[in-house]
Amino acid sequence: MTTPPRKASGLEPDRETIESWLRTFADAALAQLDALPVASAAGCVGPEGAAIAKSVSRPIPEEPYGGGARELAALVTRAAEAALNTIGPGYLAYIPGGGLPTSAIASLVADLLNRYTGLVPAAPGLTRLESDVLRWLANEFGYGPAAAGLLTSGGSLSQLAAMVTARHVHFGDVAVPADARAYTSSQAHRSVAKALRLAGHGSDALRAIAVDARWRMDPHVLADAVRHDRANGLRPFLVVAAAGTTNTGAIDPLPAIADVCREHGLWLHVDGAYGGAFVLCREGREALRGIERADSITFDPHKGFFLPYGTGALLVREGAALRRAHRDEADYLQDLELESHSGGDMSPAEYGPELSRPFRGLGLWLPLMLHGARAFREALAEKLALARSLHAGLARIPGIEIVDAPQLSIVPFRARRAPGEPLAAWNARNEAWMDAINGCGHVLLSSTLLPSPEGQLFTLRGCILSFRTHADRIEALLADAAATLPTATQFTAENAEDAGSRR
Ligand SMILES: Cc1ncc(COP(=O)(O)O)c(C=O)c1O
């Protein structure tokens with residue numbers, strides 16, 4: 001049967017038009033990638049970004065936009081300029097994402113095919129590709145054949161699915177028990193508390209456990225808190241440990257925490273959203289020893305696997321528990337005969353909160369196939385090595401205090417406090433120093449506040465996680481840091497001058 005030529009109309013443009021749009025938008029996006037080596041690390045936000053935002057805003061037209069695809073591509077490019085430059089090699093702020101082009105290609109293909117991949121019988125071939133990746137991942141994390149995996153939209157949703165599963169295992173299919181208690185470190189990511197709240201628990205359900213001098217959860221304090229709650233008639237059910245905190249990259253002592261969980265019959269969830277991917281390289285696997293004892297693990301391919309935003313992952317050691325907590329049935333799905341046609345593969349809709357979903361599996365599968373797993377292992381090992389060299393370089397600069405040696409790829413540091421320097425002045429000096437480093441344009445650092453007996457300490461942090469970051473950026477950061485570090489005397493004098501000129 002020959003395919004009749006398609007008439008271009010409305011929502012069905014002809015092939016030639018689609019091709020030309022693809023080329024136009026791909027060219028615009030690729031030009032951004034070409035410019036990365038010389039682009040400012042920061043990107044354009046703040047008042048300048050707000051002005052750009054205003055300039056790109058257009059009313060939604062009733063007819064096709066008059067300026068055509070080229071003008072629209074230019075508009076999108078301009079809009080993207082008003083953003084943190086998260087894909088650049090100098091982006092060391094927050095937790096860098098990535099934006100592997102091979103994964104972007106996969107997303108385009110997945111969206112063009114737009115097959116329904118929530119249930120295996122609806123697309124057994126595509127869901128097999130996703131299952132293949134998830135089984136491979138579970139194995140990398142040290143899980144056995146009973147494990148199940150779920151690709152989510154990100155770490156926050158993975159935490160939620162893990163917590164709902166832990167609760168289901170402990171309490172069954174009942175309303176949220178008011179006496180249920182969960183434990184995490186005082187350095188945990190906010191998504192832990194948020195997920196628990198979204199799962200229906202009150203804020204008193206979560207205990208913040210104290211950390212040691214390296215910002216890791218203290219397992220003795222944890223065990224005491226669990227005993228204390230039990231003695232008071234409460235029902236502990238969940239511990240969330242970090243495999244790389246967002247603030248400093250701290251890894252909670254996983255084997256000791258797993259022992260506490262075993263002794264007290266608690267579900268151990270590990271938040272490896274940032275750090276989990278490092279199990280792929282030898283050194284990272286050693287640092288994360290004990291992660292395989294977790295009942296569930298969050299890790300984010302859109303962080304440690306360098307994927308574009310929108311792909312998180314949850315792995316559960318006994319996959320059946322994840323399925324029991326999420327599976328549902330509906331008369332209108334009876335044609336898909338779930339049990340008989342799934343061939344042992346996992347239907348994502350049975351293992352998580354979504355029914356319809358984008359086909360995230362291809363975004364992981366295609367890069368792994370095109371680059372090979374080794375390329376990821378090597379890139380992750382390189383990030384750990386870069387963090388070590390940043391740490392060593394900063395330690396050589398007089399006047400810098402290293403807050404902690406890198407446990408993974410985050411290096412927290414600050415200007416050393418001068419004798420008698422008031423806390424507020426010291427914090428302000430560190431903030432000004434970070435702005436000065438960022439102002440050089442080679443890297444973008446972000447900051448955090450770390451608690452001390454005297455108050456919160458402004459702390460700079462460099463997080464090395466982009467596949468595009470290499471030694472040249474670390475060298476540039478070290479040079480910029482040394483050149484811009486203000487002494488307390490200089491900083492006080494400059495501030496006095498500024499205040500004087502404002503008067
Ligand atoms: C340690 C940690 N956990 C969880 C999250 C939440 O992940 P997402 O932003 O993908 O929801 C983050 C985000 O940075 C994180 O760093």
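Which helix gives the most residues to the shell around the ligand?

Mentor: This is a predicted model, in which local features need pLDDT of at least 70 and side-chain atom pairs count only at pLDDT 80 or more, while totals for chains, interfaces and linings use all residues. Residues are numbered from 1 along each chain as its sequence is written, and side-chain values use heavy atoms, with hydrogens and water left out.

H6 gives the most to the shell, with three residues. Helix H6 spans 155-171, and helix H11 (301-304) also supplies at least two shell residues; helices here are DSSP runs of H or I, at least four residues long, numbered from the N terminus. There are 14 residues around the ligand, each with a heavy atom within 4 Å of it. Gly155, Ser156, Thr246, Asp271 and His302 come nearest. By class, the shell holds nine polar, three charged and two nonpolar residues, where Asp, Glu, Lys and Arg count as charged, Ala, Val, Leu, Ile, Met, Phe, Trp, Tyr, Cys and Pro as nonpolar, and the others, Gly among them, as polar.

Oxygen atoms of the ligand take part in polar contacts (pairs of N or O atoms within 3.5 Å). A backbone N or O atom of Gly155 lies 2.8 Å from a ligand oxygen, and a polar side-chain atom of Ser156 lies 2.6 Å from one. For Asp300, a side-chain N or O atom is 2.9 Å from an oxygen atom of the ligand. The protein buries 84% of the 390 Å² that the ligand exposes when taken alone, with accessible areas from the Shrake-Rupley method and a 1.4 Å probe.

Definitions and conventions:
Polar contact = N/O pair within 3.5 Å; in protein donor to acceptor, adjacent residues only side chain to side chain.
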